[in-house]
Amino acid sequence: MSLMFLVSVIFAVMWWLIARVPRRTPAAAKGWGMGVLGASALIILIVYLMSSGIEVSATHTGPSPQNVMAIVALIAVTPGAITALVRIGRNG
């Protein structure tokens with residue numbers, strides 16, 4: 001579990017830095033923000049679909065592994081998505 005947490009934190013920081021790449025014109029900044037926001041949604045969707053193949057034992061009583069992986073992906077892309085939303089709102 002700690003390795004998954006470390007990887008998600010590293011990805012979150014990298015995604016936030018990608019979202020903060022400066023652009024020269026307001027239209028370019030808005031487009032970059034929309035691209036980051038769209039890629040964030042695609043990352044969550046891909047993680048959710050890829051984790052659907054995880055097999056769970058019959059005695060498993062905890063949360064669905066598919067939902068857990070989707071929540072981890074959501075937490076990892078949230079800083080970049082918020083930055084993208086702010087950039088779109090500022091330049092839109």
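Start by selecting Thr83, which sits in helix α3, the run of residues 65-91. The model on screen is a predicted one. Thr83 has a relative accessible area of 16%, so with buried meaning under 20% it counts as buried.

Keep Thr83 selected and show the backbone of Pro79. The backbone oxygen of Pro79 is 2.9 Å from a polar atom in the Thr83 side chain.

**The whole chain**

Now zoom out and colour by secondary structure. The protein chain shows 3 helices and 0 strands. Read from the N terminus, the order of elements is α-α-α. The radius of gyration is 16 Å, well over the 12 Å that the globule rule gives for 92 residues, so the protein chain is more spread out than a compact globule. Turn the view along the principal axes: the C-alpha trace spans about 55 × 20 × 15 Å.

Switch to a surface display. The protein chain exposes about 6,300 Å², and carbon and sulfur atoms supply 73% of that area. How many of the 92 residues count as buried? The share is 23%. Consider also the contacts between residues at least 6 apart in sequence: 74% of them join residues at least 24 apart.

A search of the whole structure finds 1 aromatic pair, and Phe11 and Trp15 form it. A pair of aromatic rings is described by the distance of the centres and the angle of the planes.

Are the two partners buried or exposed? Phe11 is partly exposed, with a relative accessible area of 29%. Trp15, at 11%, is buried.

**A charge over a ring**

Select Arg23 and Trp32 next. The charged end of Arg23 sits over the ring of Trp32, and the distance to the ring centre is 4.2 Å.

**Helix α2: two glycines**

Move to Gly33, in helix α2, which covers residues 26-50. Gly33 has a relative accessible area of 1%, so it falls under the 20% cut-off and counts as buried. Which residues is Gly33 in contact with, leaving aside neighbours within four places in sequence? They are Ala84, Arg87 and Ile88.

Gly31 is partly exposed, at 40% relative accessibility, while Gly33 is buried.

Methods
Residues are numbered from 1 along each chain as its sequence is written. This is a predicted model: local features need pLDDT of at least 70, side-chain atom pairs count only at pLDDT 80 or more; totals for chains, interfaces and linings use all residues. Side-chain values use heavy atoms; hydrogens and water are left out. Helices (H or I, at least four residues) and strands (E, at least two) are DSSP runs, numbered from the N terminus. The radius of gyration is taken over C-alpha atoms; the globule rule is 2.2 Å times the number of residues to the power 0.38. Buried means under 20% relative accessible area, exposed over 50%, partly exposed in between (1.4 Å probe, protein chains only). Contact means heavy atoms within 4.5 Å. Accessible areas come from the Shrake-Rupley method with a 1.4 Å probe; for residues, only the protein chains shown count as cover. A polar contact is a pair of N or O atoms within 3.5 Å; within protein, one must be able to donate a hydrogen and the other to accept it, and residues adjacent in sequence count only if both atoms are side-chain atoms. Rings of Phe, Tyr and Trp (its six-membered ring) pair if their centres lie within 6.5 Å; planes under 30 degrees apart count as stacked, over 60 as edge-to-face and the rest as tilted. A charge sits over a ring if NZ of Lys or CZ of Arg is within 6 Å of the ring centre and within 35 degrees of the ring normal.
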